[in-house]
Amino acid sequence: MAVTSMANSSIRDFKKYNSMREPFLDLGVSATFLVIGGGGGGGRSNEASGCGGGGGGGYRASVVGESSGGGASAESPILLTGGTYSLTVGAGGASASDGGSSQLGSVVSIGGGGGGSTNFGPFSGGSGGGGYGAGLANTTNGATETTNQGFAGGNGAGSNTDGTNQAGGGGGGAGAVGANATASTGGNGGAGVSSSITGSSVGRAGGGGGGKRTTQTAGTATDGGGNGALGGSTPGDGTLNTGGGGGGAGTTSTSLTQGGAGGSGLVVFRVTSIANVSFSGGVTQTNSTASGVTTYTVTAAGPTDTVTIG
């Protein structure tokens, strides 16, 4: 008798739970989010020069008290009614290439722009790639950003008479413009933006440092960006799942010298733990629940992947 009573009680509780949950989901679940595009790759060269750093991935966030990219305030949370939504984590850009865009439903963060290279770039993106530094005719300015997602890249520095004065500009970051190169230094990558959505504060989406042809100093980077190269050293890659830009190449050689790769992007969202959340097969994610709220951290998801709320 006691077992029957407990079973009936469990059924009643289950029905009660569903009767409460279904109209709640019909109204929609409020999702606090952080969506970062993949970082742009640092510029590459096949002549003696300094190349631009890759731009940080576009940065959009709705965490109260924090910021979005490009100097914007936090956005409003998005409303997810029961259904299936696009979910993508942008790949980091290869050398001199743009990063991939990241997406959570209607929220899209553009990948960072590739850094300035021999005869092409830099490219615009979430944050813009840094300019190229060589002879004056080939030296370029930094590329532009996407409004409310990041900042522009810094300008390259060139010289027709002194190769030691050739350097790439820093890639733009989500939190600051990439620094212009000078005759003595590659431009530093622009700073990213910090968020505590996953726990402790972490800076992400910094721009890559600009490369320097030879002597003195290459550009440095923070918040997931890679350092620029000096005189043939290896440029730094952006850190995985930060959207940091790759460092620009710096070389005295005429052989092809690659820039650093950008770091992959990131999607994080928080919803009430009442919501049932499921993912398609290509998604890599972890989650944790506290005080009735579950935080999902998605580190990999391809262009056809989805998340379902129901």
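# Notebook: strands, loops and rings

I began with T297, which touches T198, L266, V267, V268, T284, Q285 and T286 when residues up to four places away in sequence are not counted. I kept in mind from the start that this is a predicted model. T297 is found in strand β14, which covers residues 293–300. I then looked up its accessibility: T297 has a relative accessible area of 16% and counts as buried, because the limit for that word is under 20%.

**Entry on the open sheet.** I traced an open sheet of 5 strands in the order β7-β6-β5-β15-β12, and its pairing is antiparallel. β7 and β12 stand at the edges with a single partner strand each, so one side of each is left without a neighbour in the sheet. On average, and with direction ignored, neighbouring strands of this sheet are turned by 20 degrees against each other.

I next went through the pairings one by one. Strand β5 (residues 83–88) pairs with strand β15 (residues 306–309) in the antiparallel sense over 4 bridges, and there I found T84 opposite T308 of β15. β5 is also joined to strand β6 (residues 102–104) by 2 bridges, again running antiparallel, and L87 has L104 in β6 as its bridge partner. From β6 I moved on to β7, where 3 bridges join the two antiparallel strands and S102 stands opposite S109 in β7. As a reminder to myself, strands of a sheet pair through backbone hydrogen bonds, either parallel or antiparallel.

**Entry on aromatic rings.** How many aromatic pairs does the structure hold? I noted 4. In one of them, the rings of F269 and F279 have their centres 6.4 Å apart and their planes at 50 degrees, so I recorded this pair as tilted. F269 lies in strand β11 (residues 266–272) and F279 in strand β12 (residues 277–279), so the pair ties together parts that are 10 residues apart in sequence. Ring pairs link F269 and F279 with Y296 into a cluster.

**Entry on S62.** Which loop holds S62? I placed S62 in the loop between β3 (59–61) and β4 (78–80). With a relative accessible area of 3%, S62 is buried. A polar atom of the S62 side chain lies 2.9 Å from the backbone nitrogen of F33. Neighbours within four places in sequence left aside, I listed the contacts of S62 as A31, T32, F33, A74, E75, S76 and P77.

**Entry on G186.** I located G186 in the loop between β7 (107–109) and β8 (193–195), and I noted that G186 is buried, with a relative accessible area of 5%. The C-alpha atoms of G186 and G52 are separated by 8.3 Å, although these residues are 134 residues apart along the chain. What is G186 in contact with, leaving aside its neighbours within four places in sequence? I wrote down A167, G168, A181, G210, G211, K212, T217, A218 and G219.

Conventions: Residues are numbered from 1 along each chain as its sequence is written. This is a predicted model: local features need pLDDT of at least 70, side-chain atom pairs count only at pLDDT 80 or more; totals for chains, interfaces and linings use all residues. Side-chain values use heavy atoms; hydrogens and water are left out. Buried means under 20% relative accessible area, exposed over 50%, partly exposed in between (1.4 Å probe, protein chains only). A polar contact is a pair of N or O atoms within 3.5 Å; within protein, one must be able to donate a hydrogen and the other to accept it, and residues adjacent in sequence count only if both atoms are side-chain atoms. Contact means heavy atoms within 4.5 Å. Two strands pair if DSSP finds at least two bridges between them. Rings of Phe, Tyr and Trp (its six-membered ring) pair if their centres lie within 6.5 Å; planes under 30 degrees apart count as stacked, over 60 as edge-to-face and the rest as tilted. Axes are lines fitted to C-alpha atoms, for helices over the stretch in contact, and angles run from 0 to 180 degrees between N-to-C directions.
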